[in-house]
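Consider the following protein model with its sequence alongside.

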Amino acid sequence: MLKILQNANIYSTSFIGKKDILFAGEKIVAIENHIEITDVISEVIDLKGSIVTSGLIDQHVHIIGAGGKHGFGSMTPEIMLSEFINCGTTTVVGLLGTDGSARSIKTLYAKAKSLESEGLSAYIYTSYFGLDAVTFTESIQEDMIFIDKVLGCKVAISDERSSYPLETDLLRQLKQVRVGGLIAGKKGILHIHLGALKSKMEILLKIVKEHQFPIEHISPTHVGRTLPLFEQAIEFAKLGGMIDITSGGTKYTDPYKSILYALEKGVSIDNMTFSSDGNAGIGIMDANGNTIGFKKAPIHLNLEQVKLLIKEGKLPVEEAFKLITSNPAKNLALKHKGHVKVGFDADICVFDADLNLTDVFSRGKQLMKNSEVIVFGNFEKNVN
């Protein structure tokens, strides 16, 4: 099926200008000043100069739910397709949290496959917070090799719920994701949850500086949790690492302000990403600090923080959107994601002049039209 998007103002790491885009199935096959409409074209959509970016990537989201710190009743449910479409997310990476018992790595894989069958692109990290790795096979390395959806492994440090890993523990896991990735043709990353303990990310800096482990395989997240932690994250980024700032979790300041601060300190925009930590469990407190209910962590704040970078921080559109398009694609080594380019997946977000999301295309299929979701998950109430 051939489809043309006309008059698209394309922002893809640079401003490309007003172009026509031709989809063939799930791929972008041409970007030209004008593409001739012929009988073989099945659909033509005039975007009338709207802002066009690549589809958004969320590299840390709890697609099968998380939570559970206050008992079984505090566990969040699975996420639905339309929740991603509503915020322009066309590629997701699912993961487990603290819980590697009640939450199953196999269920995580199944949910990723389900989301993909419904229209998104979905991947996962193997394991969870602990060093007692939760895997499909006998090892992290074998998961990297034999499980198609596995891009890396998750572990936690500097958190009272972690296994308090030593540098040798992390080096062994890093070896497995790297070697497994080499064999499987993947990059392989160790996705590292950072808590608020005083140890911060000192151990990661030591691994890079003293053990000379390639920094591109180390993927720290929640780096904006505290200012002292973020100062170390700035050092890590200046060494060439990619740092991930959570848009919807615990933070010392607004995430977009952390980006601006890092830029002032000399960090390249190309070494930072946003992720949501979406669908995690959050307790609702009363005035006395007592938990009186629960809610799901939002998944839409990546886009909102990018908008703030543009409107309040005065970053160019093409620079700000790197945080949720090309940069996570680079971190995950998704070779056909994160750019509006010929040969890449036909994942497209369309915005009006005020950066309101109006249309979403994922793998060539339109999922949102005129700001309304038009494709729903198989078990959503709006399904026909």
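Strand β14 (residues 281-285) supplies four residues to the lining of the largest pocket, the largest share. Helices and strands here are DSSP runs, numbered from the N terminus: helices are H or I with at least four residues, strands are E with at least two. The pocket has a volume of about 650 Å³. Of its 33 lining residues, K69, R161, D277, A280 and G281 are the closest to the centre. A pocket is an open set of points on a 1 Å grid over the protein atoms alone, where a 1.4 Å probe fits and protein lies on both sides within 12 Å along at least five of seven lines; lining residues have an atom within 4 Å of a point. The volume is the space filled by probe spheres set on the points, which are joined across faces, edges and corners. By class, the lining has 17 polar, nine nonpolar and seven charged residues, where Asp, Glu, Lys and Arg count as charged, Ala, Val, Leu, Ile, Met, Phe, Trp, Tyr, Cys and Pro as nonpolar, and the others, Gly among them, as polar.

The model is predicted: local features need pLDDT of at least 70 and side-chain atom pairs pLDDT 80 or more, while totals for chains, interfaces and linings use all residues. Residues are numbered from 1 along each chain as its sequence is written, and side-chain values use heavy atoms, with hydrogens and water left out.

Next come the aromatic rings. The whole structure holds six aromatic pairs, a pair being rings of Phe, Tyr or Trp (its six-membered ring) with centres within 6.5 Å; planes under 30 degrees apart count as stacked, over 60 as edge-to-face and the rest as tilted. One of them is F23 with F361, edge-to-face at 5.9 Å centre to centre and 75° between the planes. Because F23 lies in strand β2 (residues 15-24) and F361 in strand β17 (residues 357-362), this pair ties together parts that are 338 residues apart in sequence. F23 is buried at 1% relative accessibility, and F361 is buried at 0% (buried means under 20% relative accessible area, exposed over 50%, partly exposed in between, with a 1.4 Å probe and protein chains only). The rings of F321 and F351, with centres 5.3 Å apart and planes at 55°, form a tilted pair. F321 sits in the loop between α9 (317-320) and α10 (326-332) and F351 in strand β16 (residues 348-351), so parts 30 residues apart in sequence are tied together.

Strand β16 has both faces covered: I348 and V350 on one side, C349 and F351 on the other, are all buried. In a regular strand the side chains alternate between the two faces of the sheet. Strand β16 runs antiparallel to strand β5 (residues 51-54), joined by four bridges, with V350 as the bridge partner of V52. Two strands pair if DSSP finds at least two bridges between them.

Four bridges also join β16 to β17, again antiparallel, and I348 has F361 as its bridge partner. The hairpin of these two strands has five residues between them, and L355 takes a positive phi near 65°.
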